[in-house]
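Please look at the sequence and the structure before reading on.

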Amino acid sequence: MMEYDFDIKEPTPDNQRTNFDLLALSKNISPLIKKILGKKGFMEVDIVTNWAKIVGEDLAQYSVPLKIDFKKNQRNNAILHLQVPSGAFALEIQHRENFILEKINAYFGYNAVSGVKIIQNSAMPLKQDYEPVETKKQNLLTDNEKNYIQQQTEDIKSQKLKEILIKLGHSIFNESHLKEKK
């Protein structure tokens, strides 16, 4: 029988794995990509790499910026192309478009983007850990509205999608009631 002598080291401060190598790689690649893509590319790379910081974790979980279209010889009032996994998410993006535009333009410090084009891609995987951020608005729904939402979603087979649509329905009715109060 052969004996093997392996030198197994316990993690110490000297040999622990860190992600500093990835950060260094990112710092080296980003300027190169920005240089290759030019000014338009700089904005695209910036939006893609900082999407969660710009719009928040909730929206970033189910939307991916694909590209930015500028009109010829312009660097403002662009159209942002966003990919989402389904119609329910497309509705949510459409509902929050002004918020998204405000966040992007505040991030860049000028009116960089003036519109959003939503692209639905059913093959786009939904993050498994997706959990919508709960709003702290009070529930103003009537029993009829709750029943209506349940009836509209009862045939949906995907439990996660069904839950998301129910929450979207509640949000829409709550928003409507809040506007009526003003």
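The sections below cover the model, the sheet, its helices and a lysine.

## The model

The model is predicted: local features need pLDDT of at least 70 and side-chain atom pairs count only at pLDDT 80 or more, while totals for chains, interfaces and linings use all residues. Residues are numbered from 1 along each chain as its sequence is written, and side-chain values use heavy atoms, without hydrogens and water.

Three strands make up an open sheet, in the order 1-2-3 and with mixed pairing. Strand 1 (64–69) and strand 3 (113–120) each have a single partner strand, so one side of each has no neighbour in the sheet. Helices (H or I, at least four residues) and strands (E, at least two) are DSSP runs numbered from the N terminus; two strands pair if DSSP finds at least two bridges between them.

Strand 1 and strand 2 (residues 78–84) run antiparallel and are joined by five bridges. The bridge partner of Asp69 is Ile79, in strand 2.

## Helices on the sheet

Helix 4 (residues 87–95) packs on the sheet and touches strand 2 and strand 3 (contact means heavy atoms within 4.5 Å). Helix 5 (residues 97–108) also packs there, touching strand 2 and strand 3.

Lys162 lies in helix 7 (residues 159–181).

Note on methods:
Axes are lines fitted to C-alpha atoms, for helices over the stretch in contact, and angles run from 0 to 180 degrees between N-to-C directions.
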